[in-house]
Amino acid sequence: MRGWFKIALWQRVLGALVIGVIFGGILSRIMGGEAAADWLETFIKPVGDLFINLIRMLIVPLILTTLVSGVVALGDPKKLGSIGLKTMALYFATTFFANIIGIIFGLLFKPGEGVDLGGADAVPVSREAPTLVERLLGIVPDNPIAALADGDVLAIIFFAVLLGVGILMAGREGKLVGDLFTQAANVILKVTHLVMEVAPFGVFALVAHTVASQGFEALAAIAVLIAAVYVGLITHAVLVYGGFIRFVLGLPVMNFLRGMLDAIAVAYSTASSSATLPVTIANASENLGVKRSIAGSVLPLGATINMDGTALYLGILALFTAQAFGYDLTLANYFLIAFTASIVSIGAAGIPSASLFLLAIVLDTFGVSAEQVAIIVGFILPVDRIMDMARTALNVTGDATVATAVAKWEGELDEDCYRHPADQPYEPKTTPDVADADRD
């Protein structure tokens, strides 16, 4: 048992993922895909569902406590404006590059050429999306308690920021409340560590069921599209995120990757950036040295609006559709696809396959019929999970990249922690956030 805990968590998660792929593949060969999926659904997948429920259980209390304590730790409400502007600018900039890369790889791979859509079952989709005004009004909760109960992340962020500002404005009278949220955030992070010990078992269950239910034959039919998506996502991670960390921030990329491996592995296996949020915050704070004042505000916002993987994916799918149905696209069409994909990706829910149902809005830019949209969705939906896993991993990586950048620019990054060798225990000069908790 001691040997198990001596293995790094990301190594255990990665090993469980590989074993899950092998187990699911072998079982589907022995029992047949449908029978294997049913058996796993009954006896194995509940472990994965339990893991996801445990993580989701932590999302609301983690966002509320870390964001309130983070605002209090800033000490000056004016810094929130600086942090917010930098965060939004970086999120939109990385999404722009994701759009461009998605279109480029859609043109290079030509995943839709020669694809036979005759066997696809049409899946009804909606072209409706909330307007900008509706999204902005939705940020302000009618009832903050209801927002907490519903897990409305943007509304929780808004309320938590206001609550933190109120604590600062109250001065000494608000100190006790601020200390309460700071210590509560510490407790929730400890609970996150406990939950993460279940991760290898949950990942094994989820991946085994995915492989058995979707099968390798289904992947082969759409292999070029999957390859285009994966290569595009990896390119974006290496060039945009890696290049930004190395050449703009002047930080070693491998330290960033090593520090975020747990969160990336969980994101890949769960395909939910919202569910991964507790792990993302823990990794960024403890492994990268991002102070809680930044991690508690930038990362929850990123899990809600920063969907680079979705924007890139929608661009590739738009070209896949055009190639499959023979649409001739112009430069203006490419611009509209990129612009629309970036806008709708902001509203994508942080849950598996949510982005696929935003495809209708992007395809509407070059006149794809509702029937054709339904056919495309029906063709892709059975294997979308495989691509969604990679998209989510990219989204989480992007969130952490922006959090690291904002923390460095705001002087809230512990670079000693970030640069610390992996094989040696890190002992901070002062325990993170203790100084903030003990302020006068």
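Modeller: Start with Val-18. Val-18 counts as partly exposed because its relative accessibility is 41%, which falls between the 20% and 50% cut-offs. This is a predicted model, so read that value as computed from predicted coordinates. Val-18 sits in helix H2.

Val-18 belongs to a nonpolar patch of about 780 Å². Helix H2 (9–31) and helix H3 (33–43) each supply at least two residues of the patch. H2 gives the most, with six residues.

The largest nonpolar core has 74 residues. Met-260, Val-290 and Val-298 have the most contacts inside this core. Its largest share, 13 residues, comes from helix H4 (residues 45–74). Another core lies apart from it and has 46 residues, among them Ala-311, Ala-338, Ala-341 and Ile-376.

Look at Val-290 in turn. Leaving out residues up to four places away in sequence, Val-290 touches Ala-284, Ser-285, Ala-295, Ala-403, Thr-404, Ala-407, Glu-412 and Leu-413.

Last, confidence. The chain averages a pLDDT of 85, and 88% of the residues score at least 70. Among the elements, helix H11 (residues 223–248) has the highest mean pLDDT, 96. Helix H21 (residues 434–437) has the lowest, 42. Over residues 431–440 pLDDT stays under 50. The model has twelve contacts beyond four places in sequence for that stretch.

How values were computed. Residues numbered from 1 in each chain as written. Predicted model: local features only at pLDDT ≥ 70, side-chain atom pairs only at ≥ 80, totals over all residues. Heavy atoms only, no water. Core = buried A, V, L, I, M, F, W, Y, C linked by side-chain atoms within 4.5 Å. Buried < 20%, exposed > 50% of the residue type's maximum accessible area, 1.4 Å probe, protein only. Helix = DSSP H or I, 4+ residues; strand = E, 2+ residues; numbered from the N terminus. Contact = heavy atoms within 4.5 Å. pLDDT = per-residue confidence, 0-100. Patch = residues over 30% accessible without salt bridge, like charges linked within 9 Å, V, L, I, M, F, W, Y side chains within 5 Å. Areas by Shrake-Rupley, 256 points an atom, 1.4 Å probe, with all protein chains shown as cover. Salt bridge = Lys/Arg side-chain N within 4 Å of Asp/Glu carboxyl O.
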